[in-house]
Amino acid sequence: MSILNDISSWLQQGRAPKVKACVQQALDEGIPAGDILEQGLLDGMNIIGQKFKNNEVFVPEVLIAARAMTKGIELLRPYLVADGVEEKGTVVIGTVKGDLHDIGKNLVRMMMEGKGLKVIDLGVDVPVDKFLDAARENNAQIIACSALLTTTMGEMRSVVEALEASEMKGKVKIMIGGAPITQAFCDQIGADKFTADAASAAEAALAICTAAE
């Protein structure tokens with residue numbers, strides 16, 4: 001359907017007004033909101049994610065495309081709710097306590113939203129109990145922790161230990177990421193998943209949420 005291709009194409013170029021206009025046009029033509037989301041917006045964002053992974057586009061292009069996607073989704077949201085289109089899962093994300101870096105986290109959030117996941121962004125300098133409270137309140141499948149400083153990596157271990165000691169043990173997975181983080185560190189602290197880049201993080205999160213259904 002050409003209008004859905006147009007949405008995907010304008011989104012990849014980060015042209016928010018064009019994306020919005022095409023989403024409205026698709027709605028006016030009676031195309032189901034779920035199709036517009038999947039075959040238009042998410043399709044475009046997936047292509048950007050893949051290009052980002054292959055170093056064909058960079059952070060600014062991803063941010064502009066994500067902004068265009070957000071504008072399209074704002075327009076679609078009431079229709080998605082009316083059609084009963086459910087989000088594919090819920091992720092609580094934040095940068096751990098003591099760390100104020102958020103570019104990587106924001107990129108991961110946008111990529112996850114681009115996979116149709118609902119993302120609760122707690123921001124930066126997030127204490128352990130705030131991660132757990134948010135996961136509990138939002139019935140999340142994943143807690144995603146980001147750190148850029150080696151000095152704050154220990155906070156991730158605290159999140160893992162707190163989750164282990166809670167009633168959510170075994171129900172919520174912990175994903176970690178950030179420049180100093182490695183697979184070895186992930187194994188060492190007992191976190192569930194480490195990914196090296198935002199696009200992989202989004203794919204892994206979607207896989208975890210779909211497996212949890």
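Trainee: Why is Asp125 called partly exposed?

Mentor: Its relative accessible area is 37%. Buried means under 20%, exposed means over 50%, and partly exposed is what falls in between (1.4 Å probe, protein chains only). So 37% puts Asp125 in the in-between class. Before we go on, this is a predicted model, where local features need pLDDT of at least 70, side-chain atom pairs count only at pLDDT 80 or more, and totals for chains, interfaces and linings use all residues. Residues are numbered from 1 along each chain as its sequence is written, and side-chain values use heavy atoms, with hydrogens and water left out.

Trainee: Where is the place of Asp125, and what is its phi near?

Mentor: Asp125 sits in the loop between strand 2 and helix 6 (128–138). Phi of Asp125 is near 55 degrees, a positive value in a residue other than glycine.

Trainee: Which loop is Asn55 found in, and what makes Asn55 exposed?

Mentor: Asn55 is in the loop between helix 3 and helix 4 (59–83). Its relative accessible area is 55%, so Asn55 counts as exposed. Asn55 also has a positive phi, about 60 degrees, although it isn't a glycine.

Trainee: How do you know that Lys105 forms a salt bridge with Asp121?

Mentor: Check the distance! A salt bridge is a side-chain nitrogen of Lys or Arg within 4 Å of a carboxyl oxygen of Asp or Glu. The closest N and O atoms of Lys105 and Asp121 are 2.8 Å apart, so the pair passes. Lys105 is in helix 5 (residues 103–113) and Asp121 in strand 2 (residues 118–121), so the bridge ties together parts that are 16 residues apart in sequence. By this rule, the count comes to eight salt bridges.

Trainee: What makes Arg109 and Glu113 a salt bridge?

Mentor: Their closest N and O atoms are 3.8 Å apart, which is within the limit, so the pair counts. Both residues lie in helix 5, four residues apart, about one turn of the helix. Arg109 has another partner too: Asp121, with the closest N and O atoms 2.7 Å apart. That pair links distant parts of the chain, with Asp121 in strand 2 and Arg109 in helix 5, twelve residues apart. Through shared partners, salt bridges join Lys105, Arg109, Glu113 and Asp121 into one network.

Trainee: Why is helix 5 called mostly covered?

Mentor: Eight of its eleven residues are buried. Among them are Lys105, Asn106, Leu107 and Arg109.

Trainee: Why are helix 3 and helix 5 called oblique to each other?

Mentor: The axes of helix 3 (residues 33–53) and helix 5 come within 9 Å and cross at roughly 135 degrees. Axes are lines fitted to C-alpha atoms, for helices over the stretch in contact, and angles run from 0 to 180 degrees between N-to-C directions. Under 35 degrees is roughly parallel, over 145 roughly antiparallel, 65 to 115 roughly perpendicular, and the rest oblique. An angle of roughly 135 degrees falls in the rest, so the two helices are oblique.

Trainee: Which residues make the contact?

Mentor: Contact means heavy atoms within 4.5 Å. Helix 3 brings Leu42, Met45, Gly49 and Phe52, while helix 5 brings Leu107, Met110, Met111 and Glu113. These residues divide into six nonpolar, one polar and one charged. (Ala, Val, Leu, Ile, Met, Phe, Trp, Tyr, Cys and Pro count as nonpolar, Asp, Glu, Lys and Arg as charged, and the others, Gly among them, as polar.)
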